[in-house]
Amino acid sequence: MKRLTERVHHEEQESEEVVWVKREDARSAGKLPIVFSRNYAVRFGGLERVHPFDAAKGKHIHKLLCAQLHLDDGSFYEPTELTKDQLRRIHTRDYLKSLRWSMNVACIAEVPLMAFVPNRYIQRSYLRPMRFQAAGSILAGKLALDYGWAINLGGGFHHCCSYRGGGFCPYADISLLIVRLFEQEPFRVRRIMIVDLDAHQGNGHERDFNNVAAVYILDMYNAFVYPRDHVAKESIRCAVELRNYTEDGFYLRQLKRCLMQSLAEFRPDMVVYNAGTDVLEGDPLGNLAISADGVIERDRLVFSTFRALGIPVVMLLSGGYLKASAGVITDSIVNLRLQGLLN
């Protein structure tokens, strides 16, 4: 953790931010602060179907949003791939080197067959899309400061920390997003709250920001599924450990309570909302029982709570292992727009 905070305060600033676009009156260009790239999709010649994760979820949401909100490709912001130097803002050199070995990446992606795939193919077909998605999270964080909100149609790799990946998360985009905001916007962003509502504990960012007073973590998760990281749990300042098959009523009541408690304890300058849809009933890995309407109401609660206070929100998609997830996320974004929360 000491090494991480030293990077925040002491590393030399880059003269040009690769993942940022020029601030040229973006609103007049007709763009929404929604970030997407066709490079997000993981393509493995069919091997990606071995994992339950929808490797093209962002593409499906993009298509649905274009149809329902009458948008086109020019309505979205597009990131550029993260460079090695940018990844080094968070990740240790040893960890990044470990990704050159297919066996290590196979463990992170939870696809054992990847261990037998040449690493150059893994770099191109899996890790490169993940670098694009991580870049999208950083870009969305910057956009949220200008618009009051932003959504990355990917990212949310909350199981990865500076020195270790896991749970299909090879890069620590949440930690990277936060560190970059602290570095580049020191007068606008001094305190950040992570609201992690993925079904799984966000042990990656919890390990990275242990004992960092400027980062407050709210985490609601199923305590009976991966990762059960008791060391990381010590970093959570507002925690709700859910049981298997938790339903809407209890879930939403706990969320309302936690949001109010968190704001009573900590007033952030920015909220990073990890909006996993693996809480949906029937999800094979989340093992909760939240309805589609429950997820839509969850997202409305988060956005309405912070936007009413003028606190920017950046939303990352994180987990979600049902084909229905893309449709639920689209419906939720459309609902947020109808509610006037995405002005």
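**Exercise 1. State how strands E4 and E5 pair, and name the E5 partner of Leu218.**

Step 1. Locate the strand E4: residues 215-222. E4 and E5 run parallel and are joined by five bridges. Helices (H or I, at least four residues) and strands (E, at least two) are DSSP runs, numbered from the N terminus. Two strands pair if DSSP finds at least two bridges between them.

Step 2. Take Leu218. Its bridge partner in E5 is Cys238.

Step 3. Look at the faces of E5, residues 238-242. Cys238, Val240 and Leu242 form the covered face. Ala239 and Glu241 form the uncovered one.

A note on the source: this is a predicted model, where local features need pLDDT of at least 70, side-chain atom pairs count only at pLDDT 80 or more, and totals for chains, interfaces and linings use all residues. Residues are numbered from 1 along each chain as its sequence is written, and side-chain values use heavy atoms, with hydrogens and water left out.

**Exercise 2. Give the strand order of the open sheet and explain why one side of E1 and of E5 lacks a neighbour.**

Step 1. Read the order of the seven strands: E1-E2-E7-E6-E3-E4-E5, with parallel pairing.

Step 2. Find the edges. E1 (34-35) and E5 each have a single partner strand, so one side of each has no neighbour in the sheet.

Step 3. E1 pairs with E2 (residues 149-152) in the parallel sense, over two bridges. Val35 has Asn152 as its bridge partner in E2.

**Exercise 3. Describe the backbone at Phe168, Pro227 and Arg228.**

Step 1. Recall the background. Most residues other than glycine have a negative phi, and most peptide bonds are trans.

Step 2. Take Phe168. Its phi is positive, near 70°, and it is not a glycine. Phe168 sits in the loop between E2 and helix H7 (173-184). Phe168 counts as buried because its relative accessible area is 9%. The classes are buried under 20%, exposed over 50% and partly exposed in between (1.4 Å probe, protein chains only).

Step 3. Move to the loop between E4 and helix H9 (230-233), where Pro227 is found. The peptide bond from Tyr226 to Pro227 is cis, with omega near 10°.

Step 4. Finish with Arg228, in the loop between E4 and H9. Arg228 is not a glycine, yet its phi is positive, about 50°.
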